[in-house]
Protein chains: 2
Amino acid sequence: MVTVHDVARAAGVSISTVSRALASPERVAAETRDRVTRIATELGYRPNQAASGLRMGRTHAVGLLVPDLENPYFATVTKAVQARARAEGYEVFVADSDEDPDVEAELIGALAARTDGLVLASPRSGDAELRAALVGVTAVLASRELTGGSDPETPEVPCVSVDDADGVAQVLGHLYALGHRKVGVAAGPPSSWSGSRRVAGLKAAAEQRDVELVELGTFQPYFAGGTQAADYALASGVTAVVAFNDLMALGILDRLRHRGVDVPGEMSVVGFDDVQLATLVSPALTTVHAPLARLGRRAVDLLLARLRGGTSVSSQLPVELTIRGSTGPVPAGPVN
Amino acid sequence: MVTVHDVARAAGVSISTVSRALASPERVAAETRDRVTRIATELGYRPNQAASGLRMGRTHAVGLLVPDLENPYFATVTKAVQARARAEGYEVFVADSDEDPDVEAELIGALAARTDGLVLASPRSGDAELRAALVGVTAVLASRELTGGSDPETPEVPCVSVDDADGVAQVLGHLYALGHRKVGVAAGPPSSWSGSRRVAGLKAAAEQRDVELVELGTFQPYFAGGTQAADYALASGVTAVVAFNDLMALGILDRLRHRGVDVPGEMSVVGFDDVQLATLVSPALTTVHAPLARLGRRAVDLLLARLRGGTSVSSQLPVELTIRGSTGPVPAGPVN
DNA sequence: GGGTATGGTGCAAACGTTTGCAGCGTCGCA
DNA sequence: TGCGACGCTGCAAACGTTTGCACCATACCC
């Protein structure tokens, strides 16, 4: 462990000079500064930041918590968060909760101790647990809302999300226009806030259009979850299936192909998010395009505004249905 | 900023008791401990760890540095690293360098200050820069070697990699058996250590088999890089092309499809890594299966062994060519 | 040459935390 | 009832770092 004392001794100056040479270089003579910084790097000195009691917004790092880094949705959001944060002079440290609420709470604490603020992408914890974990933490939420609790000390947490209700309404309208009257929905984990929103939005839209909505069940938000959901869809007699996200939709497509079901001839499939992968499979996936990069950037902007003492207001981003090859007219024959 | 003093005051005990109640619970009375921990969580207290000078291996966190989180290769490695580390009681914090050596050096410093040790996956920095950035840092390398520098104080960095040479040798043997005699190679970024190894291995294998190897150039290790490489491959008159990694190979496949080139009828394509995505496209990608999960686990094991004061030896993992639909016999007609 | 401003540096206090040491009270045993 | 042991707690020192304050030397102005 190399300390300021070691560097000071090697450079022949006091520890104050070392500290200043590294923290506020303009307050120290150029020659001294160069010598100190050179020796510091040679010795591999790393300031033990947080050692001082102040530590106010000076780590210049933010944390990002996601449920699953292997999901391209979060990978894209991560990239956007990082790009924006980096441009503003902040490093980003990412933690992956493996979709586990308990791990999530732990990671919030561990990240908060090492950074100035947190972006929580689609946290899976319940409202109460999340509120408890966020006491004393500067954070913003992405794809999740958290209304202020009863405790007046609990801070309101700003959030940025996409317009899930509008997205699924567009999906249902599209399917209706194609003639589909019996539509399946493969829901994601019950802990997903946007998942619940999407199912609720679908129900409302289906009722309005007089479309029968079949809830196929809740599945893991992965490719494998879609594989599982596909068989439920076939058994239920629906002519179209809406998946919680693109990954599940791709799993459904894959399973249908293996079972010899033509898409979109016999079954239409719709996803949500529009990850890049959705364009690479064939048929390409019809899906709701969510502006993931904007989402990540906006989350960072909200967080930095809070860190700088400003106020930040929650916002909701618009989405747009992107029609590709996986949806088509309802099969001509009688619905089996 | 809630401190031990606040908690102590609220709990009616001394700061020592608070510290002990949280750090070594067995040394404090059960009733006191419960009261302290309850008040601490209520107040949202986070220990300012690193404030004490000791800080020896007690953060129980490791850092993981990757060039690109959006690359499924690194996503998979990340998951494996995390699973193993979590099982051993360590949290993992991930940083993404965006393939930029300068950012890499910065992140190494920032991560090292917050964790007990680092796993560096495929670092892009040059040997000298990497060595400089690692002074005083406990780290292990994945898919990269770094031999001890001249400076005796510089630590040897243990590393775990896959057998690139054997992998590409298997690839070339496979293509040779299919009749290919003019094979293109789409190399990755020059800064990639394993990339250089793979190209070198291909050259050696091609020379041995009397196969003409055409270097198409170096490309970004992304999907887009492959898109670009595909046109070079078509222009060069090769009958098969070996990509630096699966992502590039998928880009090649996509571009060839758009240009109406049949795979594998007119052109064979081979990748490297065997990411999950390789099985989802059609034709499915022939690729070298690298044991990514083992790689991640092994890296963590090496790191933890070092952290616990043991010694750890570098190792190399075996690979296996996985033949799928993207390779086939050389076209019957004369090579154009 | 005297006086003053200025810029560079060191001293020492303070931060939040951990930990060795000692004091205190209680309990068990004879 | 007396004595020893032990569990629990507080005091205070120490960690590495930052920062207010003061000192000193040099440069500049008249």
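Student: Does Glu99(A) count as buried, partly exposed or exposed, and why?

Tutor: Glu99(A) counts as partly exposed because it has 19 C-beta neighbours inside 10 Å. A residue is buried if 20 or more other C-beta atoms lie within 10 Å of its own, exposed if 12 or fewer, and partly exposed in between, with C-beta atoms placed from the backbone. Please note that this is a predicted model, in which local features need pLDDT of at least 70 and side-chain atom pairs count only at pLDDT 80 or more, while totals for chains, interfaces and linings use all residues. Residues are numbered from 1 along each chain as its sequence is written, and chains are lettered from A and ligands numbered from 1 in the order in which they are written.

Student: Where is Glu99(A) found?

Tutor: Glu99(A) is in the loop between β2 (91-96) and α5 (101-112) of chain A. Helices (H or I, at least four residues) and strands (E, at least two) are DSSP runs, numbered from the N terminus. The phi of Glu99(A) is positive, about 65°, although this residue is not a glycine. Most residues other than glycine have a negative phi, and most peptide bonds are trans.

Student: What is the phi of Asp273(A)?

Tutor: Asp273(A), which is also not a glycine, has a positive phi near 120°. Asp273(A) lies in strand β9 of chain A and counts as buried, because it has 27 C-beta neighbours inside 10 Å.

Student: And the peptide bonds: which residues does a cis bond join?

Tutor: One cis bond joins Val263(A) and Pro264(A), with omega about 10°. Pro264(A) is in the loop between α10 (246-258) and β9 (268-273). Another joins Ser282(A) and Pro283(A), with omega about 0°, and Pro283(A) is in the loop between β9 and β10 (286-289).

Student: Stepping back, how many helices and strands are in chain A?

Tutor: Chain A has eleven helices and twelve strands. Its C-alpha atoms fill a box of roughly 90 × 45 × 30 Å along the principal axes. Of the 336 residues in chain A, 49% are buried.

Student: Now the two chains. What rotation superposes chain B on chain A?

Tutor: A rotation of 180° with 0.0 Å of shift along its axis does so, with an RMSD of 0.1 Å. That is the relation of a two-fold axis. The superposition is by least squares on the C-alpha atoms of residues with pLDDT of at least 70 in both copies.

Student: How many residues of each chain are in contact with the other?

Tutor: 33 residues of chain B are in contact with 33 residues of chain A; two residues are in contact if their C-beta atoms, placed from the backbone, lie within 7 Å. On the side of chain B that touches chain A, the elements giving two or more residues are α4, β2 (91-96) and α5 (101-112) of chain B.

Student: How long is α4 of chain B?

Tutor: Helix α4(B), residues 72-87, has 16 residues and reaches 23 Å from its first C-alpha to its last. That is close to the 22 Å expected at 1.5 Å a residue, the expected span being 1.5 Å times one less than the number of residues.

Student: Why is α4(B) described as largely enclosed?

Tutor: Twelve of its 16 residues are buried, so α4(B) is largely enclosed by the rest of the structure. Among them are Tyr73(B), Phe74(B) and Arg84(B). Just after α4(B), Gly89(B) takes a positive phi of about 90°.
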